[in-house]
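Student: Please take me through this structure one element at a time. I would like each cut-off stated when its term comes up.

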Amino acid sequence: MAWPILFAPLVPVPVLAVLTTLAVVIVLLGLRRRARGALLRALGFALLLAVLAGPRWQIETTSGLHDIVLVIRDRSPSMNIGRRAALSDAAFHHLMAHVPRNTDVRVVTVRGAAKDGTKLFGAMRDALATIPPARLAGIIALTDGEATDRPIAIPKGVAVSALIPARGNQTDRSLDLIAAPRYGLVGHPVALRFAVLDHGVADRGTPVPVTVSVDGKAVARVMAPVGTTMTVNLRVAHAGTSVVAVAAEPLAGEVSRANDQAVFDLAGVRRRLTVLLIAGAPNPGLRTWRLLLKADPAVRLVNFTILRLPTEPLAAPVNDMALIPFPVNQLFGRDLGKFDLIIMDQFANDDLLLPPYLANITAHVRAGGALLVETGPEFEGETSLARSPLEPILPVQPRGDGTVTGGFTPTLTGDGKRDPVTAALAHDHLAPWYRYESVQQTGGVALLRTPAPARAPLLVLAHAGKGRVAVLLSDQFWLWARGALAHDPAMAGPAEALLRRTVHWLLGEPSLAARQLTARFNGTTLDITRQSLKGGAPGSAVVTDPSGKTTTIALHEAGPGRYQAHLAANAPGVWQVQAHGMTAYAGAANDDPAEQADLAASDRIIGPLATHTGGHIIWLGKTPQPGWTGLLHRRHAALVTGERDIPIPPALPTAILALALLTAAWWRERG
């Protein structure tokens, strides 16, 4: 209860000031003259001025307010380690069951901030904005002590206490990926940089064994001093995605091994692939080939078109011709190994390429090269490439029907509906072609064919040694490209998609393999896909998690030759999937690297704040049921419910007394 004095003047303040000045002057003159009654006059003036000033006592009526305690509950992922959540929940429920009288509890839950870790102090700051500082009796944080934001300013007189679910400061080892390459050129090294960090133990500089694995196979083992950045060069072995895992040897006594390793995907990228396109003669499809290959950023194109054979007569003198001689020896002798793919567009076995050069192409393909043959009527007769040294690697041979003319619509074979090269075209509109070559298929897989009754192959893919071969048995694909360019639905077709996917299969694109097993993470779900041309029963897959535990999961048919399964998987590390003799790997990275950086429960961050504000650190491993003593300080806040004023002194009696004193002063002065 407060007793402040207020003033309510009976006259305007300027008038009161003038009267006060006159009273002071009169009193001073009287004192200077040593006049009798001067003190009585001064007292009378003082009482009279006090009446005019209107002093009052203001008496307030108040009602006490409850104190407020802010409780922060840390429910971030790191609280799931060991018995932290259980100890924290037990302590919380014990406190809530014994809340002191006249105390309100505000509870705020922190669950982690996506990939930014635990924003403990941000949640504390937001909660404090809604609590009057005069009523805040304390802040209690039930946390493992790990936060990824900075402590905040706390209102004066408010203590911050922490209830940590451990018996004392813990230790932890973490592996920090400083620079993890996402892409690399096949056959070339990439630099991986990492550091081993120990928390809660002073062992900086101690060497720690670190193993680097690619797709489950160890490729490097180094000794990494604690706290020092290390660099390891990794060779990119193949195109496509590889799963790289970096694992440090565990720290003795550490609280968790979850952050001792790091996993990431490394995409192997081939250098720009060189394609040699040779057209046996100018033709309508040549422009489509050139546009397709030149638009592909991964391809470097070398193109030659044969305008005449050396044996053909010239209509003009040689000196007047501006033709470039065909560099046969350079292309098919010295430089043949520089080409990743050779496309022979309507090319005949004539005098241009001698048998030794064609034999070089065969050897090049078997050694790992690729060949695409697009045929027309030149595939028949003695000049056919099938009658040349290329015959051993071609999956087709001409037969008596030769060139067949007449409109027909290409269709996908059963294998074509399952093979990744053409499966994506299953729902596309295929316009008619008007010519194809009749052949006998001797190997490979036919993906496109003519309709019944002929069912003749149109696109055949095959393997030859380490290389690949494709044969397109019609020179009419350009009709689809022209129809698309002219916006003619009746003639349009997926010419670009068909040729592009065929070329990429020839160049070894892993995603277009006819038989493959893939495993990829979609959030916390492991997606498993098996691709097969044979079809048959879906079968099952065996999944091995990072801890070594195996799980068998049934696959289900998701499309022609495509089988899938989905498995909930939230453990970080390398997951292995095996099915039908194939093995795939998938890497589950930590969802929240900031949260996983240090998993040791400690008072390193919140301890200084507790000491500065007069709070306490309570280890729940030692004191599982803490009391409220020392966790809150009473604020005694109150709410004013009413007020009344009492004049001091009473106006009328004081005025009479003042006049009496002034009269007495005048009487003495005259007497």
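Tutor: A residue counts as buried when its relative accessible area is under 20%, as exposed when it is over 50%, and as partly exposed in between, using a 1.4 Å probe and protein chains only. Helices (H or I, at least four residues) and strands (E, at least two) are DSSP runs, numbered from the N terminus. The model is predicted, and local features need pLDDT of at least 70, side-chain atom pairs count only at pLDDT 80 or more, and totals for chains, interfaces and linings use all residues. Residues are numbered from 1 along each chain as its sequence is written, and side-chain values use heavy atoms, with hydrogens and water left out.

Student: At what angle to β3 does helix α4 run?

Tutor: Axes are lines fitted to C-alpha atoms, for helices over the stretch in contact, and angles between N-to-C directions run from 0 to 180 degrees. Helix α4 (residues 120-128) lies across β3 (67-74), β4 and β5, and its angle to β3 is about 155 degrees.

Student: In what order do five strands form the open sheet that holds β3 and β4?

Tutor: Two strands pair if DSSP finds at least two bridges between them, and in this sheet the pairing is parallel. The edge strands, which each pair on one side only, are β4 (103-110) and β33 (617-619), and neighbouring strands are turned by 20 degrees against each other on average, direction ignored. Within the sheet, β5 (residues 136-142) and β6 (residues 160-164) are joined in the parallel sense over four bridges, Ala141 having Ala162 of β6 as its bridge partner. The order is β4-β3-β5-β6-β33.

Student: Why is α2 described by its orientation to α14 as it is, and what is that orientation?

Tutor: The axes of helix α2 (residues 38-53) and helix α14 (residues 651-670) come within 8 Å and cross at roughly 155 degrees. Angles under 35 degrees count as roughly parallel, over 145 as roughly antiparallel, 65 to 115 as roughly perpendicular and the rest as oblique, which makes the orientation of α2 to α14 roughly antiparallel.

Student: How do the residues of the contact of α2 with α14 divide?

Tutor: The contact includes Leu40, Phe45 and Leu48 of α2 together with Leu657, Leu661 and Trp666 of α14. Ala, Val, Leu, Ile, Met, Phe, Trp, Tyr, Cys and Pro count as nonpolar, Asp, Glu, Lys and Arg as charged, and the others, Gly among them, as polar. On that basis the contact divides into 15 nonpolar, two polar and three charged.

Student: How many residues of strand β24 are buried?

Tutor: Gly467, Val469 and Val471 on one side and Arg468, Ala470 and Leu472 on the other are all buried, so that both faces of β24 are covered. Strand β18 (residues 370-374) runs parallel to β24 and is joined to it by five bridges, with Glu374 partnered by Leu472. Strand β24 (residues 467-472) is largely enclosed by the rest of the structure because its buried residues number six of the six.

Student: Which residue takes a positive phi in the hairpin of β23 and β24?

Tutor: β23 and β24 pair in the antiparallel sense over six bridges, and Val460 has Val471 of β24 as its bridge partner. The hairpin has two residues between the strands, and the residue with a positive phi, near 65 degrees, is Gly465.

Student: What is the relative accessible area of Leu459?

Tutor: Leu459 is found in strand β23 (residues 457-464). Not counting residues up to four places away in sequence, Leu459 touches Thr422, Val445, Ala446, Leu447, Leu448, Val471, Leu472, Leu498 and Thr502. Leu459 is buried, and its relative accessible area is 3%.

Conventions. Contact means heavy atoms within 4.5 Å.
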